[in-house]
Amino acid sequence: MALIDQLRDRLAQAVAAPESRSLARGLDVAVTFAIGHEAVTIVCSADGPMIAAAPGLADITLSASEGAWREALAPCPRPTYHSFSSIQLRNPNFVVSGDALVIAQARAFLEVVFAHLTTAEPAHGEPDLTRLSGSYHRIRSAGGAICNIYAESAGQGAPVLCLHTAGADTRQFHGVMCDPQLGSNWHLIGFDMPHHGRSLPPLGWDGGIYQLDQATYLDWCISFIEQAIGRPVALIGCSMGAGIALALAAERPDLVTAVIALEAPLRPRGRRNPHLTHAKVNGGWHSAAYVRGLMSPSSPAEDRRRAAWIYAQGAPGVYDGDLVFYSDEFDGEPIAKRIDGSRIPVHLMIGHYDFSATVSDAYALAGWIDGATVTEMPDLGHFPMTENPPRLLEYLRPILATLTEQR
């Protein structure tokens, strides 16, 4: 079969998927996928998405050579060929053209189309959430703000604090927190930062633009550890949670026994997008799509869909506001250089499909921390604890076993 025919067949299957039809609602756009001089066009209208009888004028065009498209259509595409956003933002072998606002409006649909071009593993099933217990803690920050912060925990033993990613909440860590093997040695705790998940904004919030900075983030984490846990903790943070875990080890080593940094960035500039909070863009769909492109195509489709669902539920502007810290402010070099690795073990874990925090970022950070280790996860992306919890646990359990021996 000619490659253009293979692409047409895959696209036809993709647009017929229930979630493709769901995310095409309200779109009036034509998207052309071009291989040299040949092309296939998807038209989205009130009747839903469909393959056009013949290519026509396109609002958005994705064009590449036959070799590049073969990579994108592989059973498990290599990093930067695996999603619309990775192709648009990181793959020089593709040309993506179109109005930026129109692309933002169509991003959720386009990510789903790419997700359906390949076949993923079946879902692993849900973790046993009955292992969790949850409650609210009235936390006063050092700056004087008061917030009823929701936290949940599972297991018994020394405390491990799980720190969620930008725009999300502790539900991301359910697959880790509910693992019986980890729970036999560790008391796994997670909390939703103010403005996130089940934690409302602090009392007195005036409704203004939410923007997180490192000082405020540190304040809430320190206040929670001191007031809700009351003893030093090991930290497992992902993305911005990994960044603040490193900052906590540098600023308050008395509160940190170890750091496991999932997808820790160095200087993740450029992650903010003006359409993350925009009156003409569905914020829930766009935020979910923006992060969906960071996950591995080999992770179960249902788990990736659930990971995106958490982002779709984020309050307007919160993901963008978190990226003020993660993308605009955070600099891992001076922080890493201040961590005493002889006192605090640091383990960096990095997925190859993550184009936000990269493998080279992890090794750079480790180079500045005495004794730090790097665990590469070739089959995972930016949200390993959510997109494929059983696979992450295979990498994570040996590290926590080592920390158990060192206690």
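Rings of Phe, Tyr and Trp, the last taken by its six-membered ring, are counted as a pair if their centres lie within 6.5 Å. By this rule, the count in the structure, which is a predicted model, comes to 12 aromatic pairs. One of these joins phenylalanine 84 and phenylalanine 114, whose ring centres are 6.4 Å apart and whose planes stand at 45°, so the pair is tilted. Because phenylalanine 84 belongs to helix α4 (residues 84-90) and phenylalanine 114 to helix α5 (residues 100-115), the pair ties together parts that are 30 residues apart in sequence. Both phenylalanine 84 and phenylalanine 114 are buried, and the two residues also take part in a cluster, linked by ring pairs, that includes Phe33, Trp69, Tyr81 and Phe94.

Another ring pair is formed by tyrosine 217 and phenylalanine 325, with centres 5.2 Å apart and planes at 90°, so the arrangement is edge-to-face. This pair links distant parts of the chain, since tyrosine 217 lies in helix α8 and phenylalanine 325 in helix α12 (residues 318-329), 108 residues apart. Tyrosine 217 has a relative accessible area of 1% and is therefore buried, and phenylalanine 325, at 0% relative accessibility, likewise counts as buried.

Tyrosine 217 also contributes to the contact of helix α8 with helix α9, in which Gln214, Tyr217, Leu218, Cys221 and Ile222 of α8 meet Met240, Gly241, Ile244, Ala247, Leu248 and Glu251 of α9. By class, this contact comprises eight nonpolar residues, two polar residues and one charged residue. The axes of α8 (residues 214-229) and α9 (residues 240-251) come within 10 Å and cross at roughly 75°; angles of 65 to 115 degrees count as roughly perpendicular, and α8 and α9 are therefore assigned to that class.

Elsewhere in the chain, five strands form an open sheet in the order β3-β2-β1-β4-β5, with mixed pairing. Strands β3 (48-51) and β5 (94-98) stand at the edges and have a single partner strand each, so one side of each is left without a neighbour in the sheet. Neighbouring strands of this sheet are turned against each other by 15° on average, direction ignored. Strand β4 (residues 60-64) runs antiparallel to β5 and is joined to it by five bridges; in β5, valine 96 is the bridge partner of leucine 62. Helix α1 (residues 3-16) lies across β1 (29-35), β2 (38-45) and β3, and runs at about 15° to β2.

Terms used: Residues are numbered from 1 along each chain as its sequence is written. This is a predicted model: local features need pLDDT of at least 70, side-chain atom pairs count only at pLDDT 80 or more; totals for chains, interfaces and linings use all residues. Side-chain values use heavy atoms; hydrogens and water are left out. Two strands pair if DSSP finds at least two bridges between them. Helices (H or I, at least four residues) and strands (E, at least two) are DSSP runs, numbered from the N terminus. Axes are lines fitted to C-alpha atoms, for helices over the stretch in contact, and angles run from 0 to 180 degrees between N-to-C directions. Contact means heavy atoms within 4.5 Å. Angles under 35 degrees count as roughly parallel, over 145 as roughly antiparallel, 65 to 115 as roughly perpendicular and the rest as oblique. Ala, Val, Leu, Ile, Met, Phe, Trp, Tyr, Cys and Pro count as nonpolar, Asp, Glu, Lys and Arg as charged, and the others, Gly among them, as polar. Rings of Phe, Tyr and Trp (its six-membered ring) pair if their centres lie within 6.5 Å; planes under 30 degrees apart count as stacked, over 60 as edge-to-face and the rest as tilted. Buried means under 20% relative accessible area, exposed over 50%, partly exposed in between (1.4 Å probe, protein chains only).
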